[in-house]
Amino acid sequence: MPLASDVDIYAVQRPDEDPSLAVRNNGGTAPSARPAPAGRREALLVLSFGGPEGHEDVMPFLENVTRGRGIPRERLEAVAEHYHHFGGVSPINDQNKALIAAVEADLAAHGVDLPVYWGNRNWAPYVEDTWRKMADDGIEHVYVFATSAYASFSGCRQYHEDIARARAALGGGPTAEKLPHYFDRPGFLQANAEALAVALASLPADVRDTARLVATAHSIPDAMAAVAGPQGHAYEGELMAAAQAVVDAAAPGRPFDLVWQSRSGPPSVPWLEPDVNDHLKTLAAAGETAVVVFPVGFVSDHLEVIWDLDNEAEQTARDLGLAFARAATAGTHPAFVATVRELLEERRAGAEARLGTDCPASCCFVQRPARPAA
Ligand SMILES: CC1=C(CCC(=O)O)c2cc3nc(cc4[nH]c(cc5[nH]c(cc1n2)c(C)c5CCC(=O)O)c(CCC(=O)O)c4C)C(CCC(=O)O)=C3C
Ligand SMILES: [Fe+2]
């Protein structure tokens, strides 16, 4: 078995495919379960979605996100308004900077001497530029922490593609491995559970014990959900497991629902349902008086959380006469920050590669046009 450092897991493994599809993941090449070679210059890369920094960035950003995806123009214009409402600035960039600062401090406090870089798929700092910087800095191998905890094309495989695209653009640079899914990590779950407890406690005392718990995640097309993970439907499965664990810790024995938010795409294409707003109507019709929404599907309070939940869903709840609270995401909770370090340290120590690092070739495979380099 070759050493991890000998194996380029982002090399194109299926040259029989149309290369313009740019579908590459681990390609069936298992990263080895051996400790990192002594002396190798390594780094951690926080790889994220990216977001606009001002009004003039909004449309170019949205075009980056949706190129080749068949998203109707009206949807883009509606989403652009959400960004313009916040000055054209997505909160996600500051949130990533805060996460990186917290991870740097945590690594230093634990004696882990490793530089941390930041790159995005859809906006500066683009992952392609970060790859060049890492190569210039002499980095030989990079562990990639993606800001998504779950399986699916959008949440896992597309991040593998981003790495492959960055390496292709540079013609090499550091070798890389993506850290595994972390939806089931104690630190991630603890951060979400504490936030759910805080949100519950913020409700008026008379509805606190009866409020309906509602987990949310980004809706994805049914077709994407069907192929998520090695056996399919891993996105829903992982979300259900995480939501259950969060409820078990914060409000043991309480029932909860898992519903979807932020649907995109043309109406003719089926996406996961029900939408959170429709679900609130169902709950109100059934006589519920209060809800706590906890967006366990996301790792920070980015725009889709603060617009689609704090604005839209909150308004829906108000119209329905439901008391409403929204739980925070993991953000920079110390337990979540520690999880990042643990994921990194496990792989450096030679832990077995798990899903998200070592994905079967067909895992989360959705045939779609390549996203050209930015
Ligand atoms: C599963 C999933 C996650 C969670 C995993 C992860 O975090 O990676 C996620 C996160 C995010 N999605 C985000 C923003 C957008 N997503 C869009 C569109 C889409 N998302 C999809 C899925 C997901 N998205 C899909 C299947 C599409 C259709 C287009 C396509 O097939 O690719 C669009 C286009 C406009 C629209 O139609 O909404 C925007 C602007 C932001 C940034 C928010 C900010 O700026 O703070 C974040 C973190
Ligand atoms: Fe999205």
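Guide: Helices are DSSP runs of H or I with at least four residues, strands are runs of E with at least two, and both are numbered from the N terminus. Asn 64 is found in helix α1, residues 58-66. This is a predicted model, where local features need pLDDT of at least 70 and side-chain atom pairs count only at pLDDT 80 or more, while totals for chains, interfaces and linings use all residues. Residues are numbered from 1 along each chain as its sequence is written.

Visitor: Is Asn 64 buried or partly exposed?

Guide: A residue is buried if 20 or more other C-beta atoms, placed from the backbone, lie within 10 Å of its own, exposed if 12 or fewer, and partly exposed in between. Asn 64 counts as partly exposed because it has 19 C-beta neighbours inside 10 Å.

Visitor: How many residues surround ligand 1?

Guide: A residue is near a molecule if its C-beta atom, placed from the backbone, lies within 6 Å of it. For ligand 1 there are 25, and the closest are Gly 51, Ser 90, Ser 264, His 302 and Leu 303. Two or more residues each come from α1, α2 (73-85), α5 (153-170) and α11 (303-306). The most come from α1, with three residues.

Note on methods. Chains are lettered from A and ligands numbered from 1 in the order in which they are written.
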